[in-house]
Amino acid sequence: MRYETKLIHTGEEPNLKEGGTGDVVIPIHLSTTFARKEVEKPTAGYEYSRTSNPTRDALEKRLAILENAKFALAFSSGMAAETVLLLTLLKPGDHVVAFDDLYGGTKRLFKVLKQSSGIDFTYVDAREPLNVKNAIKKNTKLIWVETPTNPLMKLCDIKEISEIAKERNILTIVDNTFASPYFQKPLELGADIVVHSTTKYINGHSDSVGGAIMLNNEEIYEKLKFNQNATGAILSPFDSYLVLRGMKTLHVRMKKHEENAKKLAEFLENHPKVSKVYYPGLKSHPQYELAKKQMRGFGGMISFEIDGTLKQAKKFVESLQIFALAESLGGVESLIELPYLMTHASLTEEERKKTGIKENLIRASVGIENTEDLIEDFERAFRAI
Ligand code: P1T
């Protein structure tokens, strides 16, 4: 089976054996615990739903397919996935090299880990792999990147960075949330572990908060599974069902997200009230060639700076009628936000300045509505400012 077919069927094969019910859609197994006949023989391997659950198992099987990985785990949020991952791979005194542009919540988690466990983080502009190489210390255990980054749409060369890391026995972790696994597969480019907020494109309908880790290394997988159970950071059966359902249309949705985003990015690039557009599918993006090389498509996220003040940026986002003024991304409905005051507000003024998150920066998650409606919505908001 090819990718799109597996996205629909893996983990949900109807049970046509004696006693099976032939469900085409996997049931939501709400049972928290599983009865057994004999003490040492859990029925069908299930004991307690925190440890494993049939609906979550089905989802994890399909999540692995998404990244062409051997193993996957589903967590209660993207942040829960990141927490368990860092907890599993690091010990006090370790060092991490990270891309300087990351989701604000990820940087906030890094601060928590620094305080609680003395783990040290160095932020570098990973667009240049040499910066990553030069930041590596004796105690560096991980390289952590997003590509494209949230919110400035910077790219890094996954293959080159993974090679630098491998030579030194360092693991490369890619948060692949923005690109989606449909457009980019970091494990195939040499990364060791992929992390996702399934809240975004993978579920795709803004109705489930979740996270995922995909990887090929069995030893690390077993440790992660142990720690997932130990911490309890699991995805619920109902959310597992939602993500299984959402994922079936990932390929169809991503194509339309991209089609709309490309048109909107071109519209913005030609608009007199826009001073800068960040979209890897534009030839003017400084890393357009890298995007073409390591991505199968450019995705549905656009950031741009309006030629104006914070007040005008606020007015712009408040004047839209189709784009909802909201954090998050990756759903079928278009969303818009101001990173400076919303998704990246947990960073200090200095951190935002250093990274380039300006007051007039606007981030759009372009949905799959009618393209003309979205452009007209933007035209309306530009008229309002
Ligand atoms: O929200 P949660 O499911 O816990 O995922 C965290 C997360 C991880 N990685 C990236 C790249 C993300 O963008 C996020 C969440 N981001 C938003 C809520 C946002 O609006 O950017």
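Modeller: S180 counts as buried because its relative accessibility is 0%, and the cut-off for that class is under 20%. This is a predicted model, so every value here is computed from predicted coordinates. S180 sits in the loop between β5 (171-175) and β6 (193-197). Its phi is near 75°, a positive value in a residue that is not glycine. Most residues other than glycine have a negative phi, and most peptide bonds are trans.

N68 also has a positive phi, about 50°, and is not a glycine. Its place is the loop between α2 (54-66) and β1 (71-75). With 36% relative accessibility, N68 counts as partly exposed, whereas S180 counts as buried at 0%.

Cis peptide bonds come next. The bond from T147 to P148 is cis, with omega near -5°. Another cis bond joins N150 and P151, where omega is about 10°. P148 belongs to the loop between β4 (140-146) and α6 (158-167), and P151 is likewise placed in the loop between β4 and α6.

Now the sheet. An open sheet of 5 strands runs in the order β8-β9-β12-β11-β10, and its pairing is mixed. Its edge strands, each pairing on one side only, are β8 (274-278) and β10 (324-325). Strands of a sheet pair through backbone hydrogen bonds, either parallel or antiparallel.

On the next step, β9 and β12 (residues 361-365) are antiparallel and share 5 bridges, with F304 opposite I362 in β12.

How well covered is strand β9 (residues 301-306)? It is mostly covered, with 6 of its 6 residues buried. In a regular strand the side chains alternate between the two faces of the sheet. In β9, M301, S303 and E305 point one way, I302, F304 and I306 point the other way, and all are buried.

Side chains of opposite charge can pair when their charged atoms come close. A search of the whole structure finds 22 salt bridges. One of them is between the side chains of D120 and K137, at 3.1 Å from N to O. D120 lies in strand β3 (residues 120-124) and K137 in the loop between α5 (129-135) and β4, so this pair ties together parts that are 17 residues apart in sequence. Both ends are partly exposed: D120 has a relative accessible area of 25%, and K137 has one of 38%.

In E259 and K256, the closest N and O atoms of the salt bridge are 3.4 Å apart. Both residues lie in helix α9 (residues 250-269), 3 residues apart, about one turn of the helix. E259 is partly exposed at 35% relative accessibility, and K256 is partly exposed at 24%.

The side chains of E167 and R168 form a salt bridge at 3.3 Å, N to O. E167 counts as exposed because its relative accessible area is 65%, whereas R168 is partly exposed at 33%. E12, R62 and K248 are linked in a network of salt bridges.

E372, D373, E376 and E379 form a negative one. E376 belongs to helix α13 (residues 371-384) and, at 40% relative accessibility, counts as partly exposed. A nonpolar patch of about 290 Å² is made by I28, L30 and F238. F238 is found in helix α8 (residues 237-247), and its relative accessibility of 45% makes it partly exposed.

Conventions:
Residues numbered from 1 in each chain as written. Predicted model: local features only at pLDDT ≥ 70, side-chain atom pairs only at ≥ 80, totals over all residues. Heavy atoms only, no water. Patch = residues over 30% accessible without salt bridge, like charges linked within 9 Å, V, L, I, M, F, W, Y side chains within 5 Å. Areas by Shrake-Rupley, 256 points an atom, 1.4 Å probe, with all protein chains shown as cover. Salt bridge = Lys/Arg side-chain N within 4 Å of Asp/Glu carboxyl O. Lys, Arg positive; Asp, Glu negative; His and termini not counted. Charge placed at Lys NZ, Arg CZ, Asp CG, Glu CD. Helix = DSSP H or I, 4+ residues; strand = E, 2+ residues; numbered from the N terminus. Buried < 20%, exposed > 50% of the residue type's maximum accessible area, 1.4 Å probe, protein only. Pairing = 2+ DSSP bridges.
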